[in-house]
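Here is a quick tour of a multi-chain model with some metals inside. Have a look at it first, and then we'll walk through it piece by piece.

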Amino acid sequence: MKERIALDLSKLPLHGMGSASLTFWGTAAFMLIEGMGFALTIAIYFYLMSLAPRWPIEAPPPDLLPGTVLTLLLLVSIVPNMLVSRWAQRKELRKVRLGLIAMAFMGAIPLIPRVFEFPALHISWDDDAYGSIVWTILGLHTIHIVTDLIDTIVLACLMFSKHADNTRRYGDVEDNALYWNFVVLAWLPLYGCIYWVPRL
Amino acid sequence: MTCQDKTPSPADLAAGNEPAEAFLRRTWSTPSGLLAALSTVDHKVVGRRYIATAFMFLLLGGVLALAMRLQLAFPEARFISADRYNQIFTVHGSNMMFLFAVPVMEAMAVYLVPLMVGTRNIAFPRLNAFSYWIFLAGGLLLWISLLLDTGPDVGWFAYVPLAGPQYGAGKRVDIWAQMITFTEVSALAVAVEIVVTVFKLRAPGMSLNRIPLFVWSMLVTAFLVILAMPAIMFSSSSLILDRLVGTQFYNPSEGGDALLWQHLFWFFGHPEVYIIFLPAVGMVSAMISTFTRRPVFGYLPLVLAMIATGVLAFGLWVHHMFVAGLPRLGSSFFTASSMAIAIPAGTQIFCWLATLWDGRPIFKTPLLFIIGFLITFVIGGMTGVMVASVPLDTQVHDTYFVVAHFHYVLIGGSVFPLIGAIYYWFPKMTGRMMSERLGRWAFGLIFTGFHLTFFPMHILGLQGMPRRVYTYPPELPWAGLNLFVSLSAIILAAGFLIFFTDAVRSFKFGPAAGPNPWNASTLEWATSSPPPPYNFRHIPVVQSAEPLWADGETLPVATGLRLDRREVIVSSVTGAEPEARESMPANSIWPLLAAIATSVMLIGSIFTPWAVIWGAIPIAITLTGWFWPKQTPEDES
Amino acid sequence: MISLFVAVCGVVFVLVMVVMTWALVRRRNPAPGRPQTERSMGRAVSAAIVGTVLVITFLTVSSFYATRSIDWREADPATVVVRGQQWWWQFTYLNADPAKTVQTANELHIPVGTDVRLRLEATDVIHSFWVPNLTGKQDLVPGRENGLTLHASKPGVYRGQCAEFCGLQHSHMALLVVAEEPDDYARWLEAQRNAAVEPADRDAVAGKLVFMSKPCAACHTIRGTAAGGTSGPDLTHVGSRSMIGAGLLENTRGSIAAWIADPQTLKPGNNMPLVPLTSEELQQLSAYMSELR
Ligand code: HEO
Ligand code: HEM
Ligand SMILES: [Cu+2]
């Protein structure tokens with residue numbers, strides 16, 4: 001086929017940011033998958049609850065303290081997270097580096113109350129279906145915290161390497177921040193479900 | 001800039017010259033050698049592998065089908081033991097659904113969608129390579145377990161408690177559940193790639209109303225995958241948890257519930273059948289326009305019908321559970337929603353009929369398969385409407401009537417268009433034509449063999465023959481038809497054999513095809529057959545829904561992409577206006593390594609929960625290796 | 001119902017096929033894609049869609065009414081508990097007086113002309129109770145209680161079969177429903193309530209001893225004797241049933257002997273183990289079983 005030149009694209013940027021970035025859309029799609037997963041666990045929680053004569057089946061409602069502490073920690077972490085994202089947008093390398101280190105801590109610290117959340121459920125995963133679903137919800141969310149934590153650490157290392165000062169890397173930082181927001185926001189309904197629904 | 005070559009300039013401003021093409025080829029190609037073959041991220045190479053592997057699984061699943069028909073040919077036959085038979089029908093069903101039908105459709109998309117939207121590679125090409133390896137590992141897991149006589153034996157939907165810790169002995173069910181995980185991971189990966197490719201990598205000017213219908217169908221399918229697969233992920237994982245660490249999800253004596261499994265499975269399982277069917281809708285729409293020499297009638301209704309099918313698909317799952325003991329009248333809601341599916345399905349059929357009516361049909365093999373599809377799918381759809389009625393379903397549920405229904409829609413509705421599609425796109429993929437003569441034979445045998453095999457199953461079902469029985473007593477009036485069915489299956493198998501032979505033979509010896517042998521209208525036909533590693537010398541600029549029919553002999557194109565790195569155009573979601581030049585990753589061995597690490601973890605976790613912990617370490621390492629910048633021109637920004 | 005659906009769907013199918021054939025073979029006028037053709041095709045397609053909506057609505061509504069008619073009896077109290085097991089059926093005839101409840105296996109007797117309410121339960125995996133010539137199927141789900149109403153208007157023997165795949169011997173999980181005149185049914189039920197008859201024949205007397213001394217009694221109940229096992233079918237009146245092994249074999253002395261001699265070959269994987277016996281013991285046992293009428 002003969003070609004007729006209709007468009008010259010040599011002036012376009014070499015990398016798209018924001019909604020012009022492929023990884024942004026990829027991250028969004030994965031968030032949709034996982035959001036669907038979280039929504040399902042909540043649906044299953046309510047389904048099992050609707051079948052049970054009592055709820056929780058054979059346990060007191062979970063203690064509030066560790067879960068609430070974790071929730072507050074997660075909510076607080078949104079602030080530095082947004083800052084890192086903004087710095088990445090402005091390509092301020094030094095701030096991004098510090099911010100990522102801070103975010104690594106902000107990701108690691110919630111794991112401490114998380115460790116105490118499991119005993120605070122007062123039930124083991126193999127006692128009954130209630131135990132199974134709450135352990136699964138907590139476990140699933142913990143996996144999300146841990147994966148994002150590892151991702152943040154690797155990214156922090158990357159930002160201290162010679163590859164750092166690159167629009168792509170700043171985009172990665174932004175996507176990482178986006179994903180952390182998702183991990184935090186997804187927790188809120190799970191928190192309500194685990195800790196408050198049994199108290200209704 | 002790391003480019004050592006002096007000529008030509010890295011930015012492609014000098015259109016049409018030979019050196020530029022050589023340069024592009026060097027940038028995009030997959031070098032020869034084993035390591036390179038394992039590292040390639042070219043969507044065409046991966047897609048071809050994917051297609052070939054999926055067809056391998058079709059062949060193997062067909063062998064199992066013949067084995068079942070051998071055993072059922074005579075009452076109280078003893079060719080195959082009960083235990084073997086149960087493994088065989090389970091692996092046949094699981095293989096056909098999870099290793100053939102879903103992957104083959106995605107594989108076609110992996111190959112075709114980037115070409116059809118006019119770009120140079122699929123979004124996230126390394127994820128694409130990873131997805132293939134994971135799919136392969138899951139398939140090997142299932143088939144090796146069958147060969148070792150530890151194949152799953154609980155049916156393709158593995159109802160608990162039969163599949164639970166108490167009654168599903170050994171590791172058979174765990175293997176099934178983990179095979180599911182493998183195929184889900186690979187399907188989800190492809191779905192994400194498709195969504196992003198269609199959203200962001202369309203050629204300039206390919207606005208929403210110019211997207212080829214096959215691409216639309218794959219977009220809807222990808223969303224179905226994204227929204228449906230988490231349910232099966234949860235169910236297969238929780239089943240393994242119940243079996244391995246003693247959770248109680250499905251144990252009624254500890255607050256669990258056997259029907260929870262059915263709800264979860266079918267909440268996935270029903271969309272699954274449209275995940276298999278919608279791509280076929282896209283293929284039919286693509287081919288019918290070529291073989292009637294006019295655009296498909298009713299582009300917008302067809303797109304809306306596909307979207308409506310996708311949305312409705314999530315509201316029907318209870319029609320698989322009409323006799324499970326849910327309130328009968330509540331079930332009537334699901335009767336209504338299931339029947340409602342006939343409206344978008346009918347819309348599609350009517351639009352195709354209109355296209356045939358107004359166009360000038362060219363009776364090549366793909367069109368024959370489309371005609372076969374129309375006949376067969378309408379019958380299968382009608383029986384679907386029948387089983388959607390509660391009072392009818394309480395009789396025919398779990399009988400051969402249902403087996404007949406779903407083979408009509410699966411084979412007639414999806415495999416017929418798929419084979420037509422292979423005849424249609426084979427020249428593009430290989431550069432060679434398949435044989436028109438053998439194609440007619442294949443169609444004739446497959447079509448007659450199919451109906452002779454599966455139509456009598458309706459009658460068997462109405463005569464009360466349950467499915468999933470390894471034998472039946474001679475007193476019952478089923479023997480004659482069963483023998484007839486088994487003999488007819490040989491005709492069907494012969495048809496498939498001809499098709500496979502033709503494909504293998506034509507791959508080597510078929511006549512050369514040329515870029516556009518069918519004189520079709522979509523962008524994949526604008527480039528040579530098979531396409532060069534970079535797909536298009538210049539990215540096309542789209543000005544109508546039928547770009548190759550619009551402007552006779554010339555194709556408007558865009559220039560300005562660099563030649564020294566893998567560059568594509570990112571465009572806006574609705575209008576497809578160019579937003580950026582984006583680079584695509586180069587070949588990499590890391591996806592394979594990551595897939596191996598993931599497989600070790602997944603298979604290990606069949607045996608011990610700790611595998612999830614120690615298995616995560618190699619995964620983290622390989623993923624880091626995958627994402628760590630390699631200092632190639634691709635990393636510039 | 002079925003004929004209504006087949007008729008409607010058949011007509012629609014034929015219409016679609018006629019249009020398709022016509023579309024394929026008709027003679028062509030000049031060029032495809034003329035605006036007036038597009039418009040008239042648009043009208044035709046819209047009309048067909050409207051037609052589909054109407055037909056679908058009609059089918060849905062008639063299905064809904066038919067559903068109501070199979071639904072209304074569900075409130076009645078149950079007379080028989082059906083319990084599905086891998087791979088046989090246990091029937092318990094309920095009675096306000098517990099001494100009058102009786103248990104039997106694989107052969108369900110019902111009176112003609114009345115609704116018989118079944119309570120469906122499962123202990124191990126999901127099964128499905130289905131007697132095609134009497135009514136549609138209904139699953140037996142562990143942890144749940146389902147119900148089904150049987151109604152036979154003519155006396156006769158109706159074959160049924162488990163319809164939900166339940167493991168290795170799903171294929172051999174049949175049952176018989178014997179529908180009798182109410183008097184015959186009452187007589188049958190009365191007879192079932194009796195304890196087992198004492199064997200008379202010399203072989204059978206010896207067979208009873210064998211039964212009690214071998215592992216048989218650990219799994220089977222014979223009311224009126226020491227045998228009280230519950231994991232296998234109740235054998236109190238096994239001789240009165242017409243099949244053994246859940247529809248596997250005609251009930252004759254020979255087939256009982258064959259079954260006891262090697263249950264694992266006749267129905268591989270079933271839960272009755274092979275009990276080693278001399279051929280004499282086998283003779284005696286089968287004599288005893290046949291006398292348990
Ligand atoms: C490609 C796969 C595919 C497709 C497309 C469909 C399509 C449909 N299916 Fe089927 N199915 C599929 C695959 C399966 N189905 C199953 C089982 C199944 C069951 C459960 C049966 C049971 O277990 O007892 C029901 C109720 C349906 C209903 C339907 C309906 C209403 C449609 C509709 O989408 C059909 C719509 C199409 C029509 C109607 C024809 C075209 C319309 C025209 C021409 C308009 C005019 C029509 C009218 C006025 C009626 N399916 C199972 C079994 C799973 C298992 O148990 O193992 C499988 C695999
Ligand atoms: C090649 C010709 C084929 C033949 C002769 C065939 C035959 C059969 C038969 C006889 C059964 C019933 C087994 C039983 O109930 O005991 C069956 C089940 C099934 N088949 Fe096929 N089949 C063929 C192709 C396919 C294809 C292409 C698909 C999917 C795209 C498919 C999907 C299934 C599924 C999902 C089941 C249900 C398995 C289960 O009950 O768990 N089959 N097939
Ligand atoms: Cu369905």
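## Two buried histidines

Let's start with a pair in chain B: B:His270 is buried, and B:His319 is buried too. "Buried" here means under 20% relative accessible area, while exposed is over 50% and partly exposed is in between, using a 1.4 Å probe and protein chains only.

A few ground rules before going on. This is a predicted model, in which local features need pLDDT of at least 70 and side-chain atom pairs count only at pLDDT 80 or more, while totals for chains, interfaces and linings use all residues. Residues are numbered from 1 along each chain as its sequence is written, chains are lettered from A and ligands numbered from 1 in the order in which they are written, and side-chain values use heavy atoms, leaving out hydrogens and water.

What coordinates the copper ion (ligand 3)? The donors are B:His270 through ND1, B:His319 through NE2 and B:His320 through NE2, at 1.8 to 2.1 Å. Donors are N, O and S atoms within 2.8 Å of the metal (3.2 Å for Na, K and Ca), and as water is not among the atoms, sites may look incomplete. Along the sequence, the copper donors follow the spacing H-x48-H-H. B:His270 sits in helix H8 (residues 258-292) of chain B, and B:His319 is in the loop between helix H9 (299-312) and helix H10 (328-340), so this pair, 49 residues apart, links distant parts of the chain. Helices (H or I, at least four residues) and strands (E, at least two) are DSSP runs, numbered from the N terminus.

B:His405 belongs to helix H14 (residues 400-430) of chain B.

## A look at one leucine

Is B:Leu219 buried or exposed? With 8% relative accessibility, B:Leu219 counts as buried. You'll find B:Leu219 in helix H7 (residues 213-244) of chain B. Setting aside residues up to four places away in sequence, B:Leu219 touches B:Ile194, B:Val195, B:Val198 and B:Phe199, where a contact means heavy atoms within 4.5 Å. B:Thr309 is 90 residues from B:Leu219 along the chain, and their C-alpha atoms are 13 Å apart.

On the chain A side, an unreviewed UniProt entry gives "transmembrane region" for residues 21-48, 64-84, 96-113, 133-158 and 178-197. UniProt positions use the numbering used here, feature names are shortened, and annotations may be inferred rather than shown by experiment. In the model, residues 21-48 of chain A are 96% helix and 0% strand, with end C-alpha atoms 41 Å apart. Residues 96-113 of chain A come out at 89% helix and 0% strand, with 27 Å between the end C-alpha atoms.

The contact draws 67 residues from chain B and 52 residues from chain A. Together the two chains bury about 5200 Å², 68% of it on carbon and sulfur atoms. Buried area is the accessible area (1.4 Å probe) that two parts lose on being put together, summed over both. B:Arg581, B:Trp628 and B:Ser637 supply 12% of the area that chain B buries against chain A, more than any other three residues. The rule finds one salt bridge across this interface: B:Glu582 pairs with A:Arg168, with the closest N and O atoms 2.8 Å apart. A salt bridge is a side-chain nitrogen of Lys or Arg within 4 Å of a carboxyl oxygen of Asp or Glu.

For chain C, the unreviewed UniProt entry lists "transmembrane region" at residues 6-25 and 45-66. Residues 6-25 of chain C are 100% helix and 0% strand, their end C-alpha atoms lying 28 Å apart. Residues 45-66 of chain C are also 100% helix and 0% strand, with 31 Å between the end C-alpha atoms.

B:Arg294 forms a salt bridge with C:Glu38, the closest N and O atoms being 2.7 Å apart.
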